[in-house]
Amino acid sequence: METSSHCRCSSISRLSMLCHIQIMGLLCSREQYYNKEDGEENLQAAEIERQIERETKAERHIQKLLLLGAGESGKSTIFKQIKLLFQTGFQETELKSYVPVIHSNVFQTIKLLHDASNEMVQNEAEPSKYALSAECKEIGNKLSEIGTKFESPHLTEELALEIETLWKDPAIQEAYARGNELQLPDCALYFMENLQRLAKADYVPTKEDVLYARVQTTGVVEIQFSPVGENKRSGEVYRIYDVGGQKNERRKWIHLFEGVTAVIFCAAISEYDQTLCEEENSNRMMETKELFEWILKQPYFEKTSFMLFLNKFDLFEKKVPKVPLSACEWFKEYQPVSTGKQEVEHAYEFVKKKFEELYYQSTGPDRVDRVFKIYRTTALDPKLVKKTFKLVDETLRRRNLFEAGML
């Protein structure tokens, strides 16, 4: 009995020991599993940290540019030129996405001219100049109705012919000649001269079409570029932000002000006799003056470089011989001294000096060491835009070297 009892106890002890060994083994293997899992998580965390560090280091070398200006200043065209000149440009899908925009520009332009012609018939001293022919009245009413729609239809060849007929009517040409009094987009003539091409069933916009296309900027868009190539030591990498220029868009700028390397301010110098789209009693040049002055005084820009683009020079040189510069209150003391190209240059230098004076009047003693440069630009001219940005790049690089004590 005792022997039997002893055997049973020994068996139970061995079983207990085996169970204990198995449990210990299980715990050890589980611990090894958790240690392995923790190790993998730690490796992942370390890799994420390294990635953040790399990106932060890369960000330090990216110069931040802010593209500002009033509505219709041409800054969004400058933005598109940068994409074409210093990036890969527009892919075919992007080009095609501009078709409805361009067609809408066409319908809005012809509606604007038709409606202006009708208004001038009623209000002008020589109403017959603005009276449409019987054929064009019918076409004009139809096209004006299309232009009021939220979404414009596709521009067919038939519609293009009707628009062309209306465009060639002497009354519409008279209204077009007074385009500075209307909110007529700069793309009007270009699109009217290319109607048949724009209306083709297989139409894909060209780069030039995209540059002329008018879309109001809302919110903020950005691209990264280098005027001399990102991998070359001689140039910097920039991130440029384009923001809405209309008054109701400006509140969206504020969060972008901090840490800006340079402000590129676009001023459309050809618009000295035009009024704002959003406030038809306000002169565009006076609005540009007030906006530039306000931006110069912002505390965020104490050390920020300023690049002033006196834009739309191509339109300015055509307008100066016809419309006196004194049409703008800011330029009321201007006196012409010559004719032709000499007069255009004289007028340009006068405008340039006005902006220079405004800059220095609005710059406090604590900001005198910031860089200020003025460039004559035509946003639609790729060669000029490319040359201008290379000059901007050179200026900012010299500034960086000076601040680093290397100049």
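**Pockets, sheet and packing**

Tutor: This is a predicted model. Take the second largest pocket, which has a volume of about 530 Å³.

Student: Which residues lining that pocket are the closest to its centre?

Tutor: The general idea comes before the case. Rolling a probe the size of a water molecule over the atoms shows where empty space is left. Here, 22 residues line the second largest pocket, and the closest to its centre are Glu 72, Gln 108, Gln 183, Pro 185 and Arg 214.

Student: Which helix gives the most to the lining of this pocket?

Tutor: Helix α4, residues 99–123, does, with 7 residues. By class, the lining has 9 polar, 7 charged and 6 nonpolar residues.

Student: Now the fold. How many helices and strands are there in the protein chain?

Tutor: The protein chain has 14 helices and 6 strands. Of its 407 residues, 44% are buried. Look at contacts with a separation of 6 or more: residues 24 or more positions apart account for 75% of them.

Student: How do I read a sheet? What is the order of the strands?

Tutor: Strands of a sheet pair through backbone hydrogen bonds, either parallel or antiparallel. In this model an open sheet of 6 strands runs in the order β2-β3-β1-β4-β5-β6, and the pairing is mixed.

Student: Why is one side of β2 and of β6 left without a neighbour in the sheet?

Tutor: β2 (220–225) and β6 (372–376) stand at the edges, and each has a single partner strand, so one side of each lacks a neighbour there. From one strand to the next, the twist averages 20°. β2 and β3 (residues 237–243) run antiparallel and are joined by 6 bridges. For Glu 222, the bridge partner in β3 is Tyr 241.

Student: Which strands does helix α11 touch?

Tutor: Helix α11, residues 284–296, packs on the sheet and touches β1 (62–69), β4 (262–268), β5 (305–311) and β6. Its direction makes about 170° with that of β4. Helix α13, residues 340–361, lies across β4, β5 and β6, at about 155° to β6.

Student: What is Tyr 348 in contact with, leaving aside neighbours within four places in sequence?

Tutor: Its contacts are Ile 269, Leu 310, Phe 313, Phe 316, Ile 374, Tyr 375 and Arg 376. Take Leu 310: Tyr 348 is 38 residues from it in sequence, and 9.1 Å away in space, C-alpha to C-alpha.

Methods. Residues numbered from 1 in each chain as written. Predicted model: local features only at pLDDT ≥ 70, side-chain atom pairs only at ≥ 80, totals over all residues. Heavy atoms only, no water. Pairing = 2+ DSSP bridges. Helix = DSSP H or I, 4+ residues; strand = E, 2+ residues; numbered from the N terminus. Axes fitted to C-alpha atoms, helices over the stretch in contact; angles between N-to-C directions. Contact = heavy atoms within 4.5 Å. 1 Å grid on protein atoms, 1.4 Å probe; cavity = no way out; pocket = protein on both sides within 12 Å on 5 of 7 lines; lining within 4 Å. Points joined across faces, edges and corners; volume = space filled by probe spheres on them. Nonpolar A, V, L, I, M, F, W, Y, C, P; charged D, E, K, R; others polar. Buried < 20%, exposed > 50% of the residue type's maximum accessible area, 1.4 Å probe, protein only.
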